[in-house]
Each structure stands twice: as C-alpha cells, then as structure tokens.
Amino acid sequence: QRVSERRRNMNNLDKVRVEHCGKMTQGYVDARKEGLLRHTSTKWHGKSLQDQTLFYHYYQNSIDYASDNWTRYSTFRSYCSAPHPTLPDTVVSIERQGPFQSHGNLDWSRVETYDDVASLKEQISKRTVYVVGRLFAVVDANGDIIRYPPLHVHHAHVHPYPTSEMKKKITLDNDFVHHHVLIQAHGDAECT
C-alpha cells in the first residue's frame, strides 16, 4: 500500500512536469545560452541573470575524486511551478539543472553550493511551508529519468538557509547529523 501511495504521488508530480512545464525545447536552451531567462516555446524559465549560472566540478574517475583533481564547468538552472493536481493550496516547484557532461568510466560531478533551490525563497519567507514530496533524479533532455545504473545521485541536500549562513550552522565540532537539512537524498538509501 505504501508503494502504491508513493507511485500515485510521483505520478502527480510527473503530471505537472509533463502537462504543465513541458519539455525543455532547443529554443529555450539556446535562449539560456544567450543569457535570456525565457523562451515562448516552454514554461520553463530562469530566475535572474546572477542566479542562472550553476558551477560543477567534473572528476574523470574515482581516483581524481579522492584526490580532489577536478575541472570546473558551468551550466544553468531552470524552474517551473504549477498547482498540484490533487492537493488544494499546494504548489509543485521543480528545478532542473544542466546540461552536464559525462564520459562514463566511473566519472563524478559535484555541484557547487547555491541558494534558493526551486526558487522557493519567496514562498518560504511569506508563510509556513510543508514539503509533501521530493525527487532528486538524473534526467535526459526530455526530462525522462535515467535509472541507476548507469547514473547515480550519491548525495543531495537542500538546506532551509542561504549558503552564507551554512558556515555558522555547520562547524568542524558540530556533528554532521545536526546540519538542518530540509530535504535530502542518499543514493545508498532505499527509495531514493
């Protein structure tokens, strides 16, 4: 029964992505590369010029990851939100990041810390917010999930405060368990 409920919830979230947000069109991707935030071909959009760029570290293999030997690349963040199809007064907010590059052979990518995940800052600052679902997944250009294997989300954390506050919240003498995570996913956890 629990699995059936989770599938229903994921189908509702997917309904927003497919029926409201739609695909990220090539026109939109080209517009973002030119620094624009929107394109008429889709409901996906950027937030602001200063927040549109996302940086990530690319490691060619696990040895490079262990030795912190990386190359820095940039990509962009995109947003879409719509009313939940079955829950009243509930909004589904989606953030997509990418495109990323990967060459396989046990390579890694690590996204640098950034603020305002899924453009929720405005929502959170105005009222009490409840998280009723979450999904961290690797998707292709059409938004279809790429299953594991071959790609794997190892860790994903969303904090309810800006990165400038993070250093105050997480210190070397502070146990990592107490780091105020709003949403998290660990690839080695069941049902991630």
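Contact is taken here as heavy atoms within 4.5 Å, while axes are lines fitted to C-alpha atoms, for helices over the stretch in contact, with angles running from 0 to 180 degrees between N-to-C directions. The model is predicted, so that local features need pLDDT of at least 70 and side-chain atom pairs count only at pLDDT 80 or more, whereas totals for chains, interfaces and linings use all residues. Residues are numbered from 1 along each chain as its sequence is written, and side-chain values use heavy atoms, with hydrogens and water left out.

The chain holds 5 helices and 6 strands, which are DSSP runs numbered from the N terminus (helices H or I, at least four residues; strands E, at least two). Read from the N terminus, these elements follow one another as α-α-β-α-β-β-β-α-β-α-β. Among contacts between residues at least 6 apart in sequence, 53% join residues at least 24 apart.

Four of the strands make up an open sheet in the order β3-β2-β1-β4, with antiparallel pairing, where two strands pair if DSSP finds at least two bridges between them. Because β3 (91-98) and β4 (108-111) each have a single partner strand, they stand at the edges, and one side of each is left without a neighbour in the sheet. Neighbouring strands of this sheet are turned by 35 degrees against each other on average, direction ignored.

Strand β1 (residues 53-59) is joined to β2 (residues 71-83) by 6 bridges, the two running antiparallel, and to β4, also antiparallel, by 4 bridges. Tyr58 of this region has Thr71 as its bridge partner in β2 and stands opposite Ser109 in β4, while Phe55 stands opposite Ser74 in β2. Since 5 of its 7 residues are buried, β1 is largely enclosed by the rest of the structure; buried means under 20% relative accessible area, exposed over 50%, and partly exposed in between, with a 1.4 Å probe and protein chains only. Over the chain of 192 residues, 24% count as buried.

Helix α1 (residues 2-21) lies across β2 and β3, and runs at about 95 degrees to β2.

On the surface, Met10, Leu135, Val139 and Ile145 form a nonpolar patch with about 290 Å² of accessible area together. Val139 lies in the loop between α4 (121-126) and β5 (155-158), and counts as partly exposed because its relative accessibility is 31%. Such patches are made of residues with over 30% relative accessible area and no salt bridge, like charges being joined within 9 Å and nonpolar side chains (Val, Leu, Ile, Met, Phe, Trp, Tyr) within 5 Å; a salt bridge is a side-chain nitrogen of Lys or Arg within 4 Å of a carboxyl oxygen of Asp or Glu. Accessible areas come from the Shrake-Rupley method with a 1.4 Å probe, and for residues only the protein chains shown count as cover.
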